[in-house]
Amino acid sequence: TLPLDVEPIRAQFPVLHQEVNGQPLAYLDNAATTQKPRAVIDAVSGFYERDCANVHRGVHALSARATEAYEAARGSVQRRLNARRPGEIVFVRGATEAINLVAWSFLRPRLQAGDEILVTEMEHHANIVPWQLLCQQIGAQLRVVPVTDSGELRLEALDGLLGDRTRLLALTHVSNALGTINPVAEIVARAHARGVPVLVDGAQALPHVAMDVQALDVDFYVFSGHKTYGPSGIGALYGKHEHLQAMPPWQGGGEMILSVTFDRTTFAAPPLRFEAGTPDMEGAIGLAAALEWLESVGLERAAAHERELLDHATRALRSVPGVRIIGTAAEKAAIISFTMEGAHPHDIGTILDHEGIAVRTGHHCAQPLMRRFGVPATARASFALYNTHAEVERLVEGLHQVRRVLGR
Ligand code: PMP
């Protein structure tokens, strides 16, 4: 594959061309949210300028266009995930809402006191708390697959944890705090061998990793638009057809019914059964534009570029005295969490911001994982396809500046 030509890509991201604290912005907080290319901005404003109407109900031209665009967007998500049918894609607010939907609509009716839900030690709070809430209501238990010192799942522990009472395994495809890419196909195979369905959190995977829900045979896959160059407030749940068919509605309202009387309501088939109320139409259209834009750039080329940035940054950060990189898995997305001796992550983030460099600091909504590594917080640099080697060098120079400011 040809290397990625970054400058023409950067030119498509208006937000990148600004100064922060007198320095050109180096945006290295992509795991929190990615910036949006012109194609996405135009798709969203184009909807407002030409097609804005409510979907699924009107007979007039604009409503028909809006409905067509919204359903075409579902088709884009279907193709990106290689789902069998568009009806397996439910539009939601994001990964968080998708996980909650599966918790309450899929799992709750099949969960009994004493049953178990299996998660991993590297989950985002979004893939812990919904299961915990469910466990508390039902009297079920959360079990946890531990993580190694390098930030990989202890697969040898998995089989022992998949028990007769395990009703679901929920794990992340890519860790937002460590960058670890988990061997999802192998894990799904092991869970299915024990009859356990699997939900995979793809929030951090979609911008970096090709996805094929049929090949991986996942039961549920969830992601957020805003982390893959699309709008916020929109995301998708993939669910196997047979699961979605069997699931009761989650929220009630318009758009999700067949007929309503005061005695009895019958519900639409999936996916509309799970899309109560007027959906985020412009969000779905913007998301489709983002997926198509990334495909036109080439996911493989983007991933190769990010891999180079990751290797560069990993080597360079190791040369800065006192830096400890947390998460050294063999398979990693372009995310580097680190601490610096004598520097609080918050101070690292503040000093870097003075240099125009945006990184995230904190627990990254993964407090159990932070505890596992014995740190309250880390600084995290996360790269997207528009980042450059020059920005990696600026990060390194910024960390030397942190040492100077803190008198190290
Ligand atoms: N899972 C992972 C791995 C994430 O990184 C995030 C966002 N930081 C989420 C879930 C939640 O995504 P959202 O807030 O967009 O619903």
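In this predicted model, C52 has a relative accessibility of 40% and therefore counts as partly exposed. C365 is not part of a disulfide, for the nearest cysteine sulfur belongs to C135 and lies 20 Å away. A disulfide requires two cysteine sulfur atoms within 2.5 Å, and by this rule the count is zero disulfides.

From the cysteines the reader may turn to the ligand. The space that the ligand takes is the largest pocket. Around the ligand stand A95, T96, H124, A126, T172 and N176, together with D201, A203, Q204, S224, H226 and K227. Sorted by class, this shell comprises three nonpolar residues, seven polar residues and two charged residues.

Several members of the shell can be followed to individual atoms of the ligand. The side chain of S224 places an N or O atom 2.7 Å from an oxygen atom of the ligand. For Q204, an N or O atom of the side chain lies 2.8 Å from an oxygen atom of the ligand. In the case of H124, the ligand contributes a nitrogen atom, and the distance from it to an N or O atom of the side chain is 3.1 Å. As for the ligand as a whole, it exposes 400 Å² when taken alone, and the protein buries 84% of that area.

Key:
Residues are numbered from 1 along each chain as its sequence is written. This is a predicted model: local features need pLDDT of at least 70, side-chain atom pairs count only at pLDDT 80 or more; totals for chains, interfaces and linings use all residues. Side-chain values use heavy atoms; hydrogens and water are left out. A residue is near a molecule or strand if one of its heavy atoms lies within 4 Å of it. A polar contact is a pair of N or O atoms within 3.5 Å; within protein, one must be able to donate a hydrogen and the other to accept it, and residues adjacent in sequence count only if both atoms are side-chain atoms. Accessible areas come from the Shrake-Rupley method with a 1.4 Å probe; for residues, only the protein chains shown count as cover. On a 1 Å grid over the protein atoms alone, a cavity is a set of points where a 1.4 Å probe fits but cannot get out, and a pocket is an open set with protein on both sides within 12 Å along at least five of seven lines; lining residues have an atom within 4 Å of a point. A molecule sits in a cavity or pocket if more than half of its atoms lie within 2 Å of its grid points. Ala, Val, Leu, Ile, Met, Phe, Trp, Tyr, Cys and Pro count as nonpolar, Asp, Glu, Lys and Arg as charged, and the others, Gly among them, as polar. Buried means under 20% relative accessible area, exposed over 50%, partly exposed in between (1.4 Å probe, protein chains only).
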